[in-house]
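Here is a set of exercises to work through with the model open in your viewer. Try each task before you read its solution.

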Amino acid sequence: MQELESSAQILLAPPNQVTAEQRHAAERTFLDFQNTRAPFELCKCILETSAVGYVQFQAACLLKQGLIREWKYMEPGQWQALWQHLLQLLMCRPNMENYVREELALVLALGSKRASVEDGANALNDILQQSTQMVASGDQHLQSLGCSLLSALLVEFSSSTRATDVGLTWEVHLKAKRSFEANHLRKVFQFCQQGLREAANRLGSGPVRPEDRNLLRRLLLLSEQLLSWNFQFSMLLPRKLVGLFEAQQTPTLRPGSDWKGAFDETPQLLLQLYGALSQDGELAHVALQCLLQLATLSHSGERQQRNNHLKRFIQGGLLELMAVRPPRAGITQLLARLALFHPPSLLPTHVHVPYLERLCDLACCILQSPVGDDADQQQETLDHILDAWVPLLQEPQTFPAEPLKVATMRVFELYLRSRLAAPDGTRPPISDEEEVAEEDEDDRVRFRDQLSVVGMLGRHVLPHSLPLLCRVMEDRTQRLQELLQGQPQAGTPMTAAHKELLEDLHWIVLITGHLLTTVCDGETPLIPKEVTQFSLNSGADTAATLSLLSRLGQADAVSSVQGNVDPVVRLIVAVLQLCHVERAALQAGLGSQLSPEVAITLVWFLHRWGLTYLLPNETYYTQMSPTLVAAFGRDSEAGPCVLDWVLGKLCSNLELWHSETALTLSTCQAMVSLLNNVERGHRAAACPSLLSLLQRQSQGQLGPLAPGSHRALLKALVIACTANRLPEAPRLWEALLGPLKTRFDEFFDSCVQTRCRFTEPQKSKALDLLESLCGVAEGTTPSNLDTIRPMLLPLLVRLSSIISVLRSEATLIAATTQLFRAAARRMLCFVGPNDATALCHCCLELVRHFAEHSSGLFTTEATAEDSHVRELGELLELLTELLSKDFMYMGAQIRGPANSTGTDETATRFEVPAPGIAVEGLRLLMPLLNAQLLQFPTLCVQYFKLVALLSELHPDKVCQMPEGLLQALLGSIRVGLTSYSPEVSGLCLDVVSVLALEVHRQGLQTRPAGRAIEPFLQLLLEMVLLQPLDAELTLVAGSALFALLCCFQESFVQLAQALVASQQDAAVGQRLAQSLQTLTQAQPLSPERPNRLRFRDSYEAFVTEVRGFLCVK
């Protein structure tokens, strides 16, 4: 006892008062203490006599481990006596440390669960009865103790990973959980409800009394646990699937039919508590969490039950809470959660208008609130209230039309005003001192969800929102044009009003883009049906609309057109007019008076709008607006002209904004997306703007662009040339590819002749060339392969011969690596065997030069190390991409030799040396992959992914590696099993499994491959038995262990005997021997599927049993 207390004082002492040796000795004392066998009497003595909290806590931990290890060997009645002793100890020690009390409560819950597995659900009656009596006793200490016991029981019976490993298999654990749900869980919930009801009745208008606060807090926390309970599925699911359900961001409350009526009074009770606890932030937060979970209650799709549940929230005071000003924290989150699981369409008809009015008033209050110090919290609140509007807009027919229309108009208009500067809006002035962090997302991403809902609001009231946006857009554009015309000098600093005007335009364009389009990832962009219908109902004059479109760029375009212009087209023209003003200002040298952020937003709009409206496929629509078709349709006269205008604007960005990295890159990416459509690509190939761009690109007149921009630009041009169906298509290909080949010839000759370091102009030109070739490679498809392959592949072969020259420039070698990766990714699955072989050897040459250059390399510069790690990772990814050739070939069929019958055979597979290239690449790179470099997570994962893929696809090649290389590879696997992340450990276990099965299949147990893989049997056995692996890794380790057992049964017997003999406790050794024998005798050890499944079941029981008395958690 004295030694333990002295060790505790050392561990808890400040670092400057004890030495490292003293601290290590104290740690060893407690580690040895945790290994004590039959610790129950010792722990009872320590808990009774020691006054040191840390020693008491260690005794409680040892009690828990003792129960896990020695439950089966406890005497009859021993647990009952220990339970009563611990309970009396807890009841009589009100001053015990909280963490000691919680650990002892966990011990009682753990033992009670194990007793219920053996003796049935009634074994829990005593602890539940004692707990509820203590909570109802009125004594604060006993109330806290009772709540701790109930909380520990809930944790122990839950299906989450928080539940302690008590020596039970997953199936037994789930059965115990199901029994607890059926017999006790509802009683605990009803008890908590009763306690909360009594506490709510005692609450007054002032602060909560201290004697009531602790109990109320504990009961609310218990209620949150109960409402977050993952109710058992009808079938016994694997641990992994249960983990996936529990990992949901918004877990759903899904009780069974036997819980019918249990939650009828809960909404009113929790809303009452939430409303009364407004002055206590902590308790109000817990009550809110309970309400949020209660809002997810699912009734298996029964509409009437969902209706009743939502009605109880309304009757419980939800509408009154919505009217509280200032709004209560969390009320908007509750409304959003309710709207997600119980849409407002389920509300009774007489509640529709009051609910709508309160929701509208709450949204308007939030939008009109001045921006405070916590702007992020205010935006989150706004996000939640807008989410609550989504179901109303998705089912508008269930609500009265006029009130919904009025409310939507108010919210939309106020949102627009909140994004505009005074006097028209309420946005705070821009602060010159405000700095934008590099890691901050731009507004297009940060407010994407918010703007999507605002777009829905606007589409619901298009007769109001669209003219409003059009008016504001035209007004701000005219102001900008007048302001730019009044700037006599290009370098004049921006005024505050000028900055506010640009910020206005930025937000107006964002809102307009989300109003007119609904682009979703993975779905075909379509014109929203509300926009189409509004255009149809507008009675627009097609001639007047086209006249306005033809006057694009003229200041008086709107006023000079006679007739009814389509309002949708007018709004689009207003945005395009802003693009024209920006372009004209740049051409006039007024770039300093413009905002790159607004320019990027305009590119975003052109990209998003162009995908939807420009040359649409009319077969996708049941109804189309004639004016929209006339203005932007495929077969219209205006459509290709607008496409050319848009491409001209994008091209002007590359020419006039080339110094803006983000803008040029987004411009090129927008061009790729717009042209990646057969019809738009075909029409674009005839557009003067694109032809002019192609000419300037061929002649090298574009100048330097941001990294990645040349690549995206060339990819866009390749796409356009591919889609071109005109007779002059070959001439366009020649205009695109010919100059690249000429530039490469000059570059190659220069490298061969000089073999020296590059000047900055030379390096810039070389980088642009490599980026352009990379774009050509990324634009390769089966449709253009016959055109690109004859040009690109010979260049790659020649490029591989001058890698040693490029090695002196990190940027050039990085671009070269990217080029080979793009070629391998886009071309390798389509080219024939000769070309594939040549490309693979080029990639190997790149790896070889890197290995030679890096051998013995040492640097103290962090940037140099980062560059080295980045290049090494890309080479590993390159080798991984080469292996894809072996399981994916989509090229033309290859004629094989005549078979024995004299007929030709068609082969769709052929030998490509990708596996050999990968093996050789590993041989070259592995000496560079030291333990220090593998500490970089991305590099580490990429290396082990390559090894795992190679082993899975070609285990024979791995087993045939030279013995030294195989030993080195398996040595890295050995380190990866225990030294890195769980993902890496899983990959290493997969490698061991497939290689062991290959050794068994070919009978290589006595060959170098077998001798190299055999030591993993001992390593895996120690990992499984002695290391706290998570559940997922334990299953993967079982598969690898089974494969090793199939190969080395005699070695396993010897290891088992040695492991048993190493146990100092004879009883433990006997239990271990029995468990090891049970593991292997139940099934034949051969790798057929039925045997694997039988082994899996016995393996889980074995691990559960043996970890109980060998592991110390």
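**Exercise 1.** Decide whether Lys177 is buried or exposed, and find the residue with which Lys177 forms a salt bridge.

*Solution.* Keep in mind that this is a predicted model.
- Step 1: Lys177 has a relative accessibility of 1%. The cut-off for buried is under 20%, so Lys177 counts as buried.
- Step 2: The salt-bridge partner of Lys177 is Glu181, and their closest N and O atoms are 2.5 Å apart.
- Step 3: Glu181 has a relative accessible area of 10%, so this residue is buried as well.
- Step 4: Both residues belong to helix H9 (residues 170-202). They are four residues apart, about one turn of the helix.

**Exercise 2.** Locate the salt bridge between Arg446 and Asp376 and say which helices the pair links.

*Solution.* 
- Step 1: The side chains of Arg446 and Asp376 meet at 2.7 Å, N to O.
- Step 2: Arg446 sits in helix H19 (residues 443-446) and Asp376 in helix H17 (residues 375-394).
- Step 3: Arg446 has a relative accessible area of 42%, so it is partly exposed.

**Exercise 3.** Start from the salt bridge of Arg479 with Asp424 and work out which residues are linked in a network with them.

*Solution.* 
- Step 1: The distance from N to O in the Arg479 and Asp424 pair is 3.5 Å. The limit for a salt bridge is within 4 Å, so the pair qualifies.
- Step 2: Arg479 is in helix H21 (residues 462-485), while Asp424 is in the loop between helix H18 (401-418) and H19. The two are 55 residues apart, and they too link distant parts of the chain.
- Step 3: Arg479, at 37% relative accessibility, counts as partly exposed. Asp424, at 36%, also counts as partly exposed.
- Step 4: The network of salt bridges links Asp424, Arg427, Asp475, Arg476, Arg479, Glu500 and Asp504.
- Step 5: For context, a search of the whole structure finds 44 salt bridges.

**Exercise 4.** Classify the packing of helices H5 and H7 and list the residues that make the contact.

*Solution.* 
- Step 1: H5 covers residues 78-92 and H7 covers residues 125-135. They pack at an angle of about 10 degrees, and their axes are 12 Å apart.
- Step 2: Angles under 35 degrees count as roughly parallel, and H5 and H7 are therefore roughly parallel to each other.
- Step 3: H5 contributes Gln80, Trp83, Leu87 and Met91 to the contact, and H7 contributes Asp126, Ile127, Gln130 and Met134.
- Step 4: Sorted by class, the contact has five nonpolar, two polar and one charged residues.

**Exercise 5.** Describe the surroundings of His342 and of His682.

*Solution.* 
- Step 1: His342 is placed in the loop between helix H15 (331-341) and helix H16 (352-368). At 1% relative accessibility, His342 counts as buried.
- Step 2: Leaving aside neighbours within four places in sequence, His342 is in contact with Ala295, Leu297, Arg306, His309 and Leu310. Ala295 is 47 residues away in sequence, yet its C-alpha is 7.7 Å from that of His342.
- Step 3: His682 lies in helix H31 (residues 678-684) and counts as buried at 11% relative accessibility.
- Step 4: With neighbours within four places again left aside, the contacts of His682 are Asn677, Ala723, Asn724, Arg725 and Leu726.

**Exercise 6.** Check the backbone: which peptide bond to Pro326 is cis, which one to Pro423 is cis, and what is phi at Ala38 and at Leu615?

*Solution.* 
- Step 1: The bond from Arg325 to Pro326 is cis, with omega near -5 degrees. Pro326 is in the loop between helix H14 (303-322) and H15.
- Step 2: The bond from Ala422 to Pro423 is cis as well, with omega near 10 degrees. Pro423 lies in the loop between H18 and H19.
- Step 3: Ala38 has phi near 45 degrees, a positive value in a residue other than glycine. At 54% relative accessibility, Ala38 counts as exposed.
- Step 4: Leu615 is not a glycine either, and its phi is about 50 degrees. Leu615 is buried, with a relative accessible area of 1%.

Notes. Residues numbered from 1 in each chain as written. Predicted model: local features only at pLDDT ≥ 70, side-chain atom pairs only at ≥ 80, totals over all residues. Heavy atoms only, no water. Axes fitted to C-alpha atoms, helices over the stretch in contact; angles between N-to-C directions. Parallel < 35°, antiparallel > 145°, perpendicular 65-115°, else oblique. Contact = heavy atoms within 4.5 Å. Nonpolar A, V, L, I, M, F, W, Y, C, P; charged D, E, K, R; others polar. Buried < 20%, exposed > 50% of the residue type's maximum accessible area, 1.4 Å probe, protein only.
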